[in-house]
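Dear colleague,

Please find the structure below, together with some notes on what was found in it.

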Amino acid sequence: MKVLVTVKRVIDYNVKVRVKSDNTDVDLANVKMALNPFCEIAVEEAVRLKEAGTADEVVVVSIGPKACQEQIRTALALGADRGIQIETEEAPESLGVAKLLAKVIEEEQPGLVIMGKQAIDSDNNQTGQMLAALTDMPQGTFASEVKIDGDNVNVTREVDGGLQTVALNMPAIVTTDLRLNEPRYASLPNIMKAKRKPLDVKSPADLGVELKAHTKLLKVTPPAERQAGIKVASVDELVEKLKNEAKVI
Amino acid sequence: MVRESMEFDVVIVGAGPSGLSAACRLMQQANETEQELTVCVVEKGSEIGAHILSGAVIETRALDELFPDWKGMGAPLNTPVTEDQIFMLRNEEASIKVSNILVPKTMHNHGNYIVSLGNLCRWLGEQAEQLGVEIFPGFAAAEVLYNDDGSVKGIATGDMGISEAGEQKDSYIPGMELHAKYTILSEGCRGHLGKELIENFDLAAEADAQHYGVGIKELWDIAPENHKPGLVLHGSGWPLSDGASGGFFLYHTDDNQVVVGLIVDLNYSNPYTSPFDEFQSMKHHPVLKQYLEGGKRVSYGARAITKGGFNSLPRMTFPGGIVTGCNAGTLNFSKIKGTHTAMKSGTLAAEAIFEALQNGCEGGQELQSFTDKFESSWLYDELFRSRNFGPALHKFGPILGGGFNFIDQNLFCGKIPVTLHDDKEDYEQMLPASECKPIDYLKPDGELSFDKLSSVFLSNTNHEEDQPIHLKLKDETIPLNRNLPQYAEPAQRYCPAGVYEVIEEGQEKRFQINSQNCLHCKTCDIKDPAQNIRWVVPEGMGGPNYPNM
Ligand SMILES: Cc1cc2nc3c(=O)[nH]c(=O)nc-3n(C[C@H](O)[C@H](O)[C@H](O)COP(=O)(O)OP(=O)(O)OC[C@H]3O[C@@H](n4cnc5c(N)ncnc54)[C@H](O)[C@@H]3O)c2cc1C
Ligand code: SF4
């Protein structure tokens with residue numbers, strides 16, 4: 001079985017995001033970028049399926065400018081077999097991404113598609129769902145466990161207040177949640193090997209997709225800054241302050 | 001699991017200006033002569049530049065030699081220095097602007113550029129990769145490997161996935177051995193492995209004690225009307241007092257940004273001195289405030305500098321390798337510039353090593369040819385001329401020492417026929433707390449000055465939480481039993497990241513190490529009066545993630 005994994009280049013989760021002074025967007029100049037953590041979990045799951053003998057090939061695809069090849073290489077270093085970059089200068093919207101991925105699925109015919117449930121930059125949480133609709137494939141979102149069972153995949157989903165297990169006919173789409181697995185570290189020899197693994201570059205035109213913008217980013221503002229706290233010496237002082245200064249009790 | 005190994009011709013530790021220049025120069029020579037050469041660079045930061053913190057006004061001399069067409073190639077040197085100003089801050093309000101004629105020549109910056117050294121390193125890294133260098137960010141060199149004959153065989157990267165208790169987690173992977181014919185240690189100031197090699201091979205036997213400073217720096221977005229691209233301010237004085245010395249800088253870069261920082265010499269004697277708080281207070285001085293007011297702080301960080309210069313420079317070669325850049329101590333303190341010198345020492349190392357390999361050398365030798373090249377280079381000449389600068393300031397103080405430096409640099413071009421020495425280690429200078437006055441520092445106002453925690457937040461520093469603490473105490477009892485009564489445990493104040501805390505719980509006192517906050521500045525390794533703290537590399541990727549520093 002072939003597994004297709006999608007990966008996105010996003011701002012590293014350690015970086016404190018800063019809004020540009022003209023409020024047009026967040027500042028990405030020379031900021032550390034990384035593989036979206038949920039996508040990393042997706043890669044790990046696919047590689048584990050391969051190690052278990054369930055999958056025989058893991059293909060990673062990323063959509064973005066040339067720099068996103070770095071994240072494809074990271075996925076290859078973690079154990080994926082080959083990469084596809086769909087070159088776009090601008091960051092397409094979720095629907096555009098889903099349309100491009102639908103074409104990749106048509107070409108690659110994977111048995112299973114594993115995606116992150118969302119990217120930590122825009123937090124949209126919709127590409128997997130849109131892709132399922134476009135391809136008419138069943139979906140198991142927010143997966144905390146994935147088990148292949150013959151022609152089915154059983155996905156345990158993290159839903160409000162509990163877990164839900166669904167059985168999907170394959171080919172199917174799975175989106176990962178945080179608890180699905182703990183991704184491994186890439187080793188030095190694997191990073192070197194990854195540089196030599198095949199990586200195809202395609203354009204949206206090659207796939208016959210025209211990207212359209214349906215939304216416009218008007219403004220980005222940082223959250224209000226928290227006021228510095230103060231230390232109180234006693235419970236009495238605290239009560240006094242809550243009563244008279246904050247006027248909350 | 002046993003460690004695997006890989007073989008290279010040259011392994012370089014640290015992707016700073018020195019290591020990257022060495023890497024580029026090695027591959028340039030290999031490509032020119034169509035020789036096969038394998039060069040790898042390991043860097044502990046999560047990416048190249050993530051751990052680089054500098055001023056920086058740089059001289060391009062070494063870059064001109066390495067990439068004559070750096071302009072055409074798009075190197076990020078965008079802001080030429082347009083004006084130099086020097087101030088003596090007298091007190092919190094007053095200052096004296098030092099006339100240009102009275103400034104030692106070495107402090108003039110005409111022809112230099114204001115850069116983000118982190119970004120310059122990112123660019124050098126791209127060049128190196130294009131030339132064929134293997135660069136591995138996120139891998140820290142944790143250990144030196146030796147051959148049976150005692151020569152250096154390479155390094156080993158640290159294990160990943162060890163818990164705080166020292167047990168292997170699920171994610172455990174053992175480190176890798178990287179073997180090389182020659183190893184270059186370019187870890188910057190107070191390199192963890194460089195320090196070991198300097199000790200093991202007794203490289204500093206004939207050198208004076210090394211001297212250090214800690215530089216604390218911030219990046220600010222400022223109001224466009226206050227921005228003067230290319231303006232460079234330097235100065236000294238207030239609020240430093242009570243035997244503490246140092247100098248500030250404020251550079252106007254592009255995009256309505258300035259960098260502002262203070263370098264505090266680590267030979268200060270009052271254990272109550274807090275370089276961090278000195279810096280925060282200093283920003284309130286009108287000379288600096290006029291630019292910062294109404295602006296917003298974007299980033300924060302700290303890094304030690306090696307400033308002993310020529311007299312403190314150890315032998316740089318050992319069997320199997322070379323120590324370069326600030327790891328050895330090539331910074332020119334009379335200019336407060338270490339970038340061009342670090343780069344030059346790296347390219348000289350690359351040339352000596354390449355020559356040896358071309359002559360069929362199997363590695364492991366001590367390369368006298370490096371020392372010869374070094375001694376006949378402009379680098380040696382430059383460091384020699386500046387040899388008295390630091391010692392004069394230490395010996396005679398800023399006024400008389402400054403006068404000496406003026407005469408030495410301007411009238412004798414640094415060749416005054418005496419050499420001053422300053423042979424006391426910085427950590428030995430600390431006086432008992434009982435002989436010193438506690439310093440009452442300004443409370444941060446949240447506009448110009450800030451507390452340590454909100455500062456560290458802006459350095460984007462992070463370490464995987466469940467890992468062994470990378471700040472090793474040789475004797476766990478010293479902080480509370482010796483340093484606290486004698487010196488009021490100065491680690492609480494010299495660490496610019498608030499890593500060390502003495503916590504009182506009722507009658508009990510506890511020494512706490514918040515290692516996740518560490519900025520890898522190395523001050524604790526340098527200044528602990530008991531020399532009890534050893535900084536070792538944490539798991540790769542850990543540490544700050546500086547953008548544009
Ligand atoms: C506040 C401040 C202001 C300065 N201003 C100027 C200025 O205006 N002009 C100027 O020319 N110079 C300036 N300098 C000095 C200049 O930054 C240094 O001289 C220069 O960076 C030294 O280069 P280097 O390559 O030797 O070391 P570094 O730049 O320190 O680079 C060392 C690299 O090695 C990595 N490393 C270290 N140990 C390991 C390990 N064990 N394993 C893997 N990786 C490792 C580090 O993460 C780092 O990336 C300033 C320094 C400071 C702190
Ligand atoms: S713990 Fe040491 S190296 Fe880390 S920030 Fe503090 S003084 Fe610097």
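In chain B of this predicted model, helix α1 (residues 17-32) and helix α8 (residues 339-358) pack at an angle of about 35°, and their axes lie 7 Å apart. Helices here are DSSP runs of H or I with at least four residues, strands are runs of E with at least two, and both are numbered from the N terminus; axes are lines fitted to C-alpha atoms, for helices over the stretch in contact, with angles from 0 to 180 degrees between N-to-C directions. The crossing of α1(B) and α8(B) is right-handed, which means that the near helix is turned clockwise from the far one by less than a right angle.

Turning to the backbone, a cis peptide bond with omega of about 0° joins Met170(A) and Pro171(A), and Pro171(A) belongs to the loop between β9 (162-169) and β10 (172-176) of chain A. Another cis peptide bond, also with omega of about 0°, joins Gly55(B) and Ala56(B). Asn256(B), although not a glycine, has a positive phi of about 55°.

Residues are numbered from 1 along each chain as its sequence is written, and chains are lettered from A and ligands numbered from 1 in the order in which they are written. Local features need pLDDT of at least 70, side-chain atom pairs count only at pLDDT 80 or more, totals for chains, interfaces and linings use all residues, and side-chain values use heavy atoms, leaving out hydrogens and water.

Best wishes
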